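Trainee: Please take one part of this model and go through it closely. I would like the strand pairing and the loop contacts around it.

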Amino acid sequence: DVSTTIYPTVVLPNRTLIAEKGSTVYFRCFTLSYPSHQLNLTFSGALTNITSLASTILPRLEYSIVNIQPRSQGVYTCSALTTGSNRRVDNSTELLVYYIPSKHPDCMFVQAQDTSTVQLNCSWFGAYPTPKLRWGEDGDFQVTNSLSLTLNSSMLHDKQKVTCTALHKLLKKENQKSCSITLRAPFPEGKPLVTVLEGTNLTLICSENTSLPPANTTWRKGQNQDLIVSGSRYILSFEGPAVKLTIVNISKDDERYYFCRSENALGVRELEVYLTVKTSSSAYTGAVIGVFIAALIVGSAFIVVKVLYSRRHTICLGNFRFTLFVNMKSR
């Protein structure tokens, strides 16, 4: 009788053993026979013929592989051969070498043509055998390296967290690897009130960099929110998350509401910007009025000081009046 022990390993339902790549695996063969015998340990892989690894005439044979690699995956056979009767008994065990990447799965957003849906992808490459992936808590695990998920806008809400979980024979339940994506509605930011002088150029800036999936941001004008396109009067430009609208040679007709509109599958958000246009004449009038008011304040102050000085010998406190006599002595 020949017995074989290979450890540390995981046993599959079909009795196949699993070792983790990079680990040290120990082999132990044991037999009882009479009279004398010889123990042999051989290996047969997918790309190699039968190879002898070790032999002994003792009743126990021990062997180890340090830093085991996928090339050591195959069938290991312990053989006992009695020298008297030349009877041979084999005990074969299939050993598989599994491995998984050290990093977690990668969750990412995939740009979709339909803005009413969100498409996500989860990938976990570098595992053997192929892992199982699942989106969400209620989904089914699928044997794949990459798994996509499409969500309709009716199923989404702001700050919704979607998680992809990986399952593998080398992963214990408490050590599951996963990745998550937090969906966010758009939130455009900018100055809501802008004042500009007629005849000049102005650039309105709107930034939106918090949404996921990334929002489509446009500039619109007027109560009807007419879409603004680049041309001689309006110039649209993009600088990172900022969407810039430059209005050339501003006139009084440009005084209105402008809307920075950001939209993704989670909703639509708008930033209202009201543009006030001042003419050169109104600016001049304002300056004249300002000078007049300043002069009026200075003149009023002068009159008050003069009156107080003329009545400096009399001080009134409530209903009492005190008269102070000051005798001036000439020198």
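Mentor: Contact means heavy atoms within 4.5 Å. This is a predicted model: local features need pLDDT of at least 70, side-chain atom pairs count only at pLDDT 80 or more, and totals for chains, interfaces and linings use all residues. Residues are numbered from 1 along each chain as its sequence is written, and side-chain values use heavy atoms, with hydrogens and water left out.

Thr16 sits in the loop between β2 (10-11) and β3 (17-20). Strands are DSSP runs of E, at least two residues, numbered from the N terminus. Thr16 is buried, at a relative accessible area of 5%. Buried means under 20% relative accessible area (1.4 Å probe, protein chains only).

Now strand β8, residues 74-82. Of its 9 residues, 7 are buried. Strand β5 (residues 37-45) runs antiparallel to β8, joined by 9 bridges. Two strands pair if DSSP finds at least two bridges between them. Gly45 has Gly74 in β8 as its bridge partner. β8 also pairs with β9, antiparallel, over 8 bridges. There, Leu81 is bridged to Arg88 of β9. β8 and β9 form a hairpin with 5 residues between them. In the turn, Asn86 has a positive phi of about 55°.

β9 (88-98) leads on to Pro105, in the loop between β9 and β10 (106-110). Pro105 is buried, with a relative accessible area of 6%. Its contacts include Cys122, Trp124 and Cys179. Cys164 is 59 residues from Pro105 in sequence, yet 7.7 Å apart in space, C-alpha to C-alpha.

How values were computed:
Helix = DSSP H or I, 4+ residues; strand = E, 2+ residues; numbered from the N terminus. Buried < 20%, exposed > 50% of the residue type's maximum accessible area, 1.4 Å probe, protein only. Lists of a residue's contacts leave out its neighbours within four places in sequence.
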